[in-house]
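This report concerns the contact between two parts of a single chain. The sequence and the structure are shown first.

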Amino acid sequence: MRYLPHSPQDRSEMLAAIGLHSKDELFAQIPESLKLRGDLKLPGPLSEPEIVEFFQAAAARSSREYVSLLGAGAYSHYRPVAVEALLARGEFFTAYTPYQAEIAQGTLQALFEFQTLITQLTGMEAANASLYDGSTATTEAALMAMRLTRRNQLVVARTVHPEYRQVLATYVGHQGTRVTEVPWSASGELDRRELEAAVNPETAAVIVQSPNFLGVMERMGEIAEFVHRNAALLIVAITEPLSLALVKPPAEADIVCGEAQSFGVPVAFGGPYVGFLATREKFIRQMPGRLVGQTQDTEGRRGFVLTLAAREQHIRREKATSNICTNQSLCALAATIYLCLLGEKGLKALAEQNFSKAHYTARQLARAPGASLPFAAAFFNEFVVRAPGDAEALLAELQREKILGGVHLRRFYPELEDHLLVCVTETADRGALDRMARVYARWAGHSPALETPARDSTTAKAG
Amino acid sequence: MKNRIRTARPHVNRNEALIFERSTPGKRGVDLPPLDVPPASPREALGDSYREAIEGFPEVSELEVVRHFTRLSTWNYGVDTGLYPLGSCTMKYNPRVNEAVARLEGLASDHPYAPEPLAQGCLEVLHETARCLAEISGMDAVSLQPAAGAQGELTGILMMRACLAERGNPRQYILIPDSAHGTNPASVTISGYQIRNLKSNERGCIDLAELSRAMTGEVAGLMLTNPNTLGIFETQMREISDLVHARGGLVYMDGANMNALIGVARPADFGADLMHLNLHKTFTTPHGGGGPGSGPVAVKTFLEPYLPSPTIEKLSDGSFRLNHDRPKSVGRVRAFYGNFGMAVRALAYILANGAEGLRQTTEDAVLNANYVLARLRDVYDVPYDQPCLHECVLSDRRQAARGVRTGDIAKRLIDYGFHPYTTSFPLIVHGAMMIEPTESASQDELDEFIEALRSIAEEIEEDPGFVLKAPHTTRVARLDEVGAARKPILRWKP
């Protein structure tokens, strides 16, 4: 076995050194009646080329030949080569949680930088070193708000990612926590009147996503004012944090949480991703997850350590703020490297490209007779289009053109039959977007009337 | 004694600033391709909510980013650097082919909402991984959704609750031995149960009489780790599980220590009803400096209806599909289908080994731990003196008499080129030194490690003060953790 460093002779020498005659004696403490008889029935052993072949065959049965306009909480963005090159350093990816700070300063400093980047993006004062993903980060934010307010009810926008709401329901379902969902209004934004009806003196927090699951940006200022008037906390969940390069951060919120997969982490069929949670300084002792803090060594040099561990399970056990043990360090590192590479200007330019491409696509699709954009509020790189006719058939037709044309929202909202959630990032080129518009037009029985293709000097400079 | 390292040489990489301090306005590390559609104006569309600037954000070139993170990496110690004998953490080699296949276009790029016919490769990987884990644990069904071991625990306890609730009474308490991992009680609490601690017997194992007293009609079940955190197998496992079952409870097994058992014994065969596995421990997915992990839950048939939704099914035509129609499921614990990329790596590891390779791996892991124990027992105290499985627990009792504690010995080990063992855990051993060499340690490396610990024991006799100030060779000396917690600085400010 190529991963094992012992030779047969090493094994016999070592057995002899501990006074044993056979390897079976190593397991003498396990009663015979509890031992496995015979071998496990497993495939293998395979050589390295056979393993590669097996997974290449699996990888071929995928959508890799398709242009994807799927978003809905998992976003395709170009990943600069340097991200992968740096992640591949064994000192990073084969290290454990940095409890032994003196030989983990690399991980610790990178996580401190991650925390800083998240606070800069979200407008918050403190961020943790990451959580499993956006769904669990949102759930942890809700639990944190219940601890802070000592209240036991939650108000959640129906436009929070449906799977995030399902995870929340799993965590709080058995605790008698009442979760009230608030619908969207005609514009696609949170319905304010319904929100006001839902909040009561037992409401611990209101959870709003922006851009929400329909792609729509929420106007957070007014929501925050109302929530705070009721002495509840405002939690803002963000699934596409690239939007924060163009939109003012929800600085009025008490907790900003979500998913940072967009920043250099592959879509990878849903994981691993990287959740984040940021809040105000006064709440840090109720935060879940690991925190890296700056300190100094005995000679006065700056260094970093895991801190405020008194909140965590390995110290507090059943009284911990969360049962979380791991964070998503390596994915947080990917996000950190990615954000450093892009920098302020790069991130803004990228966000503008996403914005332009999504708006271009929305305009093109809406031209098809029978198609429409049902929600009027501002959006970023994702929007809802009402399909001209049967959405399933349209998606199948787009698949024939090698395009994954969006998520059929009926899957999550029965009332949104024939509504598609379309996400356009920088990875979709204009050719594919125009092809999609032609399918829409054809579908509606009309020939396409696209905007004149323009690759003039103004647009070329936009990058 | 003569080769002892006393000083460190300064290095050019040792003063890498924070990336924010390296930033200069106007730089960037990427160039974008030209925009191929007419530009739209976000400023116009967003009005007042348009963001002008991201205060403090770094602006650096690609080279500076590469140097920055390369330098940071050199301040880390990983399994690739050397022996990493952290007890209970199973720091084993992370095969490179795992990383390569997890990055294949089609596996790394597929979208979780891609149409099922176009996601057959990913679904097959998940299904096949689950099938192998079921065989290894002896269980009947597996969900890969939990994102890490602690989430696996939570999922499992919620399933116990759902099952018992359907039988008429979810009950109130879960029994946990005092040697358990900290996540156990934390997960139980979040699941809405209360803890009752079980005091271990003189062997460090579960005391049957104590269990019998505690296992009342109010108790939903027992959560145990086997082998336990002392690396000792619960020899009365059959009696333990029979007792819990007879009183209407369930047995949850924390599979953190499965590296001791694969191919030798299966939890389902010795009485566990459900368990979680840690792909980042036993199945070589990298720890990544603290994650991502992956904590699949494996259950017996009667608990299958409660598994998180969706599950993955193989149809008679050989294709795979997601089943969301699971009325008894505890629900969803994570968006999408769990840490898929970790399943790819774990499956690559299982395929590389096959049954015989995994059995050999287990034997080597147990051999290594016993070798370390045998060669250190005359120098360090062994609180529960018996053969171990995959890890051994010593204590600092003798060294503490000279004022040197487990944490200090650990720091001094760093100077000898090793990552420390786990300190101060399990809690039932005062001054614990928990050593798990794993199968990835060669005999030579173990000999060096043993010599280092023996040498440190001598140093403690001669000059305890020197050990108390360790490490002496690292970029930073001991860090002030108390100060860090008293006035937390959690971000850089200009």
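## Domain division

The domain bounds used here come from an automatic or database domain assignment. In this predicted model, chain A is divided into domain 1, covering 81-337, and domain 2, covering 344-453. The C-alpha centres of domain 1 of chain A and domain 2 of chain A are 30 Å apart. Domain 1 of chain A contributes 25 residues to the contact, and domain 2 of chain A contributes 24 residues.

## Buried area

The size of an interface is often given as the accessible area lost when the parts come together. Between them, domain 1 of chain A and domain 2 of chain A bury about 1,900 Å², with 71% of this on carbon and sulfur atoms. On the side of domain 1 of chain A, the residues that lose the most area to domain 2 of chain A are A:Leu214, A:Leu242 and A:Leu246; together they account for 29% of what that side buries.

## Polar and charged pairs

One salt bridge is counted between domain 1 of chain A and domain 2 of chain A. A:Arg158 and A:Glu415 form a salt bridge in which the closest N and O atoms are 2.6 Å apart.

## Composition of the domain 1 side

Where domain 1 of chain A touches domain 2 of chain A, helix α7 (residues 162-172) of chain A gives the most to the domain 1 side, with three residues. The residues of that side comprise 14 nonpolar, six polar and five charged.

Methods: Residues are numbered from 1 along each chain as its sequence is written. Chains are lettered from A and ligands numbered from 1 in the order in which they are written. This is a predicted model: local features need pLDDT of at least 70, side-chain atom pairs count only at pLDDT 80 or more; totals for chains, interfaces and linings use all residues. Side-chain values use heavy atoms; hydrogens and water are left out. Contact means heavy atoms within 4.5 Å. Buried area is the accessible area (1.4 Å probe) that two parts lose on being put together, summed over both. A salt bridge is a side-chain nitrogen of Lys or Arg within 4 Å of a carboxyl oxygen of Asp or Glu. Helices (H or I, at least four residues) and strands (E, at least two) are DSSP runs, numbered from the N terminus. Ala, Val, Leu, Ile, Met, Phe, Trp, Tyr, Cys and Pro count as nonpolar, Asp, Glu, Lys and Arg as charged, and the others, Gly among them, as polar.
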